[in-house]
4 protein chains.
Amino acid sequence: MLIVMKADATQNDVERVIGIIEKLGFRPHTMPGAARTAIGITGNAGAVDPAHFENLTGVAEAIRVTKPYKLISKDLRPEKSVIKVGNAVIGGNELAIIAGPCALENAKQVFSVAEAVSRSSAKFFRGGAFKPRTSPYAFQGMGEDGLKMLADVRDQFGLNIVTEAMDERGIDLVEKYGDCIQIGARNMQNFSLLKYVGQTRKPVLLKRGMSATLDEFLLAAEYIMAEGNYDVILCERGIRTFGTHARNTMDLSIVPAVHRLTHLPIIIDPSHGTGRNYMVNPMARAGVAVGADGLIIEVHSQPEEALCDGAQALTPTQYLELAEQVKVIHDVLMPVAV
Amino acid sequence: MLIVMKADATQNDVERVIGIIEKLGFRPHTMPGAARTAIGITGNAGAVDPAHFENLTGVAEAIRVTKPYKLISKDLRPEKSVIKVGNAVIGGNELAIIAGPCALENAKQVFSVAEAVSRSSAKFFRGGAFKPRTSPYAFQGMGEDGLKMLADVRDQFGLNIVTEAMDERGIDLVEKYGDCIQIGARNMQNFSLLKYVGQTRKPVLLKRGMSATLDEFLLAAEYIMAEGNYDVILCERGIRTFGTHARNTMDLSIVPAVHRLTHLPIIIDPSHGTGRNYMVNPMARAGVAVGADGLIIEVHSQPEEALCDGAQALTPTQYLELAEQVKVIHDVLMPVAV
Amino acid sequence: MLIVMKADATQNDVERVIGIIEKLGFRPHTMPGAARTAIGITGNAGAVDPAHFENLTGVAEAIRVTKPYKLISKDLRPEKSVIKVGNAVIGGNELAIIAGPCALENAKQVFSVAEAVSRSSAKFFRGGAFKPRTSPYAFQGMGEDGLKMLADVRDQFGLNIVTEAMDERGIDLVEKYGDCIQIGARNMQNFSLLKYVGQTRKPVLLKRGMSATLDEFLLAAEYIMAEGNYDVILCERGIRTFGTHARNTMDLSIVPAVHRLTHLPIIIDPSHGTGRNYMVNPMARAGVAVGADGLIIEVHSQPEEALCDGAQALTPTQYLELAEQVKVIHDVLMPVAV
Amino acid sequence: MLIVMKADATQNDVERVIGIIEKLGFRPHTMPGAARTAIGITGNAGAVDPAHFENLTGVAEAIRVTKPYKLISKDLRPEKSVIKVGNAVIGGNELAIIAGPCALENAKQVFSVAEAVSRSSAKFFRGGAFKPRTSPYAFQGMGEDGLKMLADVRDQFGLNIVTEAMDERGIDLVEKYGDCIQIGARNMQNFSLLKYVGQTRKPVLLKRGMSATLDEFLLAAEYIMAEGNYDVILCERGIRTFGTHARNTMDLSIVPAVHRLTHLPIIIDPSHGTGRNYMVNPMARAGVAVGADGLIIEVHSQPEEALCDGAQALTPTQYLELAEQVKVIHDVLMPVAV
C-alpha cells in the first residue's frame, strides 16, 4: 500500500497517517518529494484496507501495490533520488566519479593514487580494506588499518570514502571510517547482510550480482530500504556470460531500465565490468552516454605490481584522460538526453 | 606444500611434522588415508622450503602444490571422503537421500512429510527454518521454532537433520539443533560466512552458486576446510542460463569433474535444479546414473499450498516412487560404474 | 487448426477432409495414430473457420491451435512417434545407439571403428563427411568420398548411416548415400536448409542450437515437418554457458520437457555435450536414466590422432563398456519409468 | 604465412610473390596498406617454408602466423579498413547510420520511412525482404518484390541498400538489387553460406551469432575473406544471457576488442540488441561513445502495426532525435578518442 499525500498536506497530516500505520502494526516509509509526500507501508502480510486512509485530511490517494517492490519504485517517488555521500551527491546533475585502487596495499600507493584522483573532477575515493577473494590463500585486505588510511585520505584530499564491507563487523567499521558502504556482487543476495546494512544510516553502494536479474537486483535494494535506509546507489559491474574477451559482460541496458522503474541512481564499474585495462575508458564513455549517474574506476600507480586485479587498473595518466573524455560526453548530453 | 607420510610412519613421526609446520607459523591439516597420512600446509604467503621436511623420519615426499586448492584435492587424500552426518554417512557405498519440505511451515506439515520420508530409504530430513527469499516481503521462515521441530523429527523418526543457515547466529543455532549445516547457493561466496562455518565441527552441505565455475565452487569448499572443518559435502543445484523450460539448468557433468579432482562427495538437488514437479524424478535418476553420492528432494504433503516453491515439491507418493526408481539404478550401477 | 477424426472414420472420410483443406488453399498434414487419425492444417494466414469441417462425416473435433507449433505437438498425435531409420527404429522400446568417428578420415579408421560398433547393440553408424569447422583453415571433411565409404560400412556391417549435411548439395548427397540426414547445431535456425530438408523423404536428426530455447528448438522441427517430412529426431548436444569444466553444458531436463510437449523422439550427444573423454560414459548413463530415446557417441580407434575432436572420442574398448552400462540402466528402467 | 613487402616494393615485386604463392598451390590475399602491402597466404595444410620468399626483391619479412585467423588481423593490415558500400563508406571518420524498417511490408510503409531516413545524416537504408522467423507460420518477407522496392528507394532518395540474404538464391538477388549483403546472426556459422558470399563482390554485413565468442565471430569473417571478399563489416547485435529486461544483452566491450585485433569496422544494432523501444536511443549513444563505426536502427512509421519486431522500432520522430544525439557525441569524441 502506498499513501500519496496532497500537495498542500501539512506535516500534521503526514504524522497522523504514520501514526495509523504504526497502530496497525505495520511500518511506514516516508518519502518527501518535490511536489508531494508519499508514504510506503511494509510489514503487512496480506492486503491493507485502503479505507483506513482514504478519508483522512491531506490524503490524495491510497494505492494498492502489486509489484514485488514498493520503496524503490517511481510510484512512491516520481523524482530521482539524489543521494548525499559525505559532502557530495550521487544522482544529481553532475557525473559522480569514484576512483582509487582495487585493494589498499600501503600508504605510498594509497596517497599517490589519491593525489591523482584529487586532481580530477572525482569527489569520491575507493579502495578495498576487506577483499572478497575467490581463494582463501589470496591477499584478504588490510582491514581496519586500511580504513584508517582512507580516513586520512579524506582529511588530506577532501575526497569522500566509498569502501566495501563483507560482514557485520566490517559494516560497523566502514560506518565509522567511511562515507558510503559498498556491498559487493557476491553478497548481493546475502539477505542477512542487506538487512544489517539497512539499519545503518550511511549510504549504500549495492553492486549487481554476477547472475542477478533486474528484479533480483531491485529487490536486494528493497531489502535495504525496507529496514529504513533509503540511500541506496545501484552499480552495474558486468554479468557472467559465455564470453571470454572480457572478464564479464557489461549490461549497459540495465541503466535505462533502472531509470524507468526506480528513483534510485545507478553507476557503472567498467574496471570489474571488463577486467581489461584497454576497455575501461571506452566502456566508461559508453556508460556515461547511456545515462549512468556515475562511474567507479580502479586506478593504481603501478598496475603491474597490484596485489589484486592489476590487469584492469588504469595508471593515473590513463585515468585523467578518461575523466576528461567522459566529462565532454556528459556535458554535451546534459541538454539533450534524459 | 603437501607432506605425504610413508605407509609405516608412526603417530610420532606425524606429530613431529605438525610441530615443525606450526613452528614455522603455518597451519597443518592432517588427512589420514587408508594407506598413508598426508598433511597439507596453509597460511604460507609464498613457497615453503621442502628442505624443512624431506629428511625427517616417516616422510615420503614433500610436494609443492601449484593448483589454487590444496585441501580438497586428491593429491592430499586419494580416497573418497566418507562424511559422517549424525548417525549415517554421505559419500559411502550407499546412496544418501535427504528429503523434506522446502520451508518448515507448521508441525502438521512437518510430521506428515517426515513420516513419509521415514518409510523410504532416506536417512536425512531437510526443511528450511531460515529462508533466503528474493523479496523482503516473502515468508522468511519459522526460525528457532522450526529448528526445535526438526530436533523433534530426529527424536521421533531417527532421521538426521540437514538445514540451512544464512548468518553467524543461524549457524550457531543449526549447530545446536541440526546434524548438517547447509550453506545456500546465494552464500557460496559469502567468504565471511564460509570462514565462520569452517570453525564449527558439524558437517557442511555447500550448494553451488548460480553462476559459479567449478574452480570457484571448489575454492569455496577450500575456504571452509582451511579453517579446519574437513566435512564438506558439495551440492549441484542448477546454474543460471538463458533456458526457460526449467527454473535452472542442472549441470550434471560437474559430478564426474568433482570426483576426478577432489575426495569430497557431491549430491544433486533436482528440486531446485529444475523447479518443475514432473522433472524431479527423471533428473534424480540421471543424477544417480551420473555417479552422484546422494540426492536432496523436496516433499510436501500439499504442494499446491506450500508457502515456498510448491511447483517443484513432490507429493509423498511421488517421492516414494522416485526413491524406488533411483535405488534400482544405484543397485545395478554399483558393480559396473565408478 | 487440427481436425481430429473419429476412431471409426474411414479412409474416404479422411480424404474428403484433405480435399477440403486443399481446396481452401491450405496444406493438410495427416498423422495416423493408434486409435484415430488427426490432420493438421498449415499455410493459413489467420484463423480457419471450424464450420468447414465440424459437420463432416467421420470428424470428431476441429480444434483451434493457439500454440506456436502444431505438427510436433501431442494434440496432433498423442502417441510417441517411432521413426524408421534404414532397417531399424528410433523412439521405440529399444535404446537407439548411434556410434562412430566424428570426422571420416580414411578407410582404415572407418572400418576399424565400424567393426567395434557392430559388436555392440548399436544399429546406427555415424561419421562426418562434411564438417562444420570454426576455422576456414581446419579440415573440412572428405565429402562424397566419405559418403561412399559410409555406404560400404552399411553393406559390410548392416549398420544404418547417420551423417551431417550443411547445404542443399550436401543434403542431396546424404539422401543418396545415407539413412538419416543430420542437421548440426549451427544450422538449427538455417531456415532455408530446414525447408529444403523438409522436402526430402529421409529422416532428419536435428541437433539443438548452442543457445536455442526449447521453443526455438521445437519450432525448428516444425519448419521441417511443415514441408511434409514428419520423421524428425531431436538431439540435445549441450548448450553454451559460462562453465568451463566441460565444453558445453548438457541440459538433460530438456528430455522430459520434449516428451511432455511432443510426440518426437529425443536422443542425447554426450560426446559433443561434454567434450571430455572421461565424462562421456557417466553422461550417457544419465541420458538414458532421464529417459532419452538414444545416444550418439564418438568412437575413434586412435583418439589422440583424430583430425577433429579427439579429446572427446572414446576408444572402442571404452565404447563397449559404455554400451554395456547404458543397457543395464535401460533394462531396469523399462518397467518402472516413463 | 604473411609476406610483408617493403615500403618501396614495386608492383612487379608484389606480382612475383603472388606468382610463387600460386605456383606452390596456395592462395594469395593482397592487402595494400597506406605505407606498404602485405600478402596473406591461405590454403596451406601445414607450415609454409619462409625460405621461398625471404630473399626476393621487395620482401621485408615473411611472418609465420600462429593465430587462428590471418586475413582479418592487424598483422596483415595495420590501418583500419574503410569499406565502400554503394556511394558511401563504413569505417571512415564519419559515423555510418543504416536505418529503415525491420521487414519490408508495402510501398507506403517503405517510402514513408525512407523519406524520414533521408532527412537524417544516414546514408544507408535497411529493410528485410527475406526474414528469418522462429516460426514457420510467421510472415517470411516479401522476397524479390521487396528487393525491387529497395532499389526504388535508392533511386529516389540516394540511400545505399543493406539487406539480408538467407541462402544462395537470396545472395544472388541481393547482389543484384542491393549494395551490401547482410548475413544474420542465425547464419553466422552457416559455413557454406559464408563461403558463397565470399565469392560475391558486394560488401558483407556480418552479424554476430547469439552465442558466438569473439574468436568464432572473427573466424566467420575470415571464412568470407578466405574466399577473396575482403569487404566485411562486423555487427554486434546482442548476445543471449539469463537477462530478461532486454531481449538480448548488448556486449559493447566487443567493439574495442575488435578494433584491437582486426582492421575491420564494427557497427552495433541497438534495435535487435535490446528489443525495447525506450532503450534504443541510450544504447545507440553508448555504442557511438564506445567507438563503434556505425549504427543500424529500425524505424517504422507505425511501430504498433509492424508485422515484425514492432516493440523495438522507433517512430521517425524518435529516430531523428537519436540521429541528432549520436552526432553530438561522435563530434566531441573524434578529437579525443581512438
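Predicted model: local features only at pLDDT ≥ 70, side-chain atom pairs only at ≥ 80, totals over all residues.
Local features need pLDDT of at least 70 and side-chain atom pairs count only at pLDDT 80 or more, while totals for chains, interfaces and linings use all residues. Residues are numbered from 1 along each chain as its sequence is written, and chains are lettered from A and ligands numbered from 1 in the order in which they are written.

In the interface between chains A and D, 37 residues of chain A contact 37 residues of chain D (C-beta atoms, placed from the backbone, within 7 Å). On the chain A side, two or more residues come from each of α7 (254-261), α9 (277-290) and α10 (316-336). Helices are DSSP runs of H or I with at least four residues, strands are E runs of at least two, and both are numbered from the N terminus. The largest share, 9 residues, belongs to α9(A).

Helix α2 of chain A covers residues 107-118. The end C-alpha atoms are 16 Å apart, which agrees. Buried residues of α2(A) include Val110(A), Val113(A) and Val117(A). Here buried means 20 or more other C-beta atoms within 10 Å of the residue's own, exposed 12 or fewer, and partly exposed in between, with C-beta atoms placed from the backbone. The opposite face, turned away from the buried side, carries the exposed residues Ala107(A) and Lys108(A).

Asp75(D) sits in the loop between β4 (59-63) and β5 (83-85) of chain D. It is partly exposed, with 17 C-beta neighbours inside 10 Å. Beyond residues up to four places away in sequence, Asp75(D) touches Leu2(D), Ile63(D) and Val65(D).

Terms used. Contact = placed C-beta atoms within 7 Å. Expected span 1.5 Å × (residues − 1).
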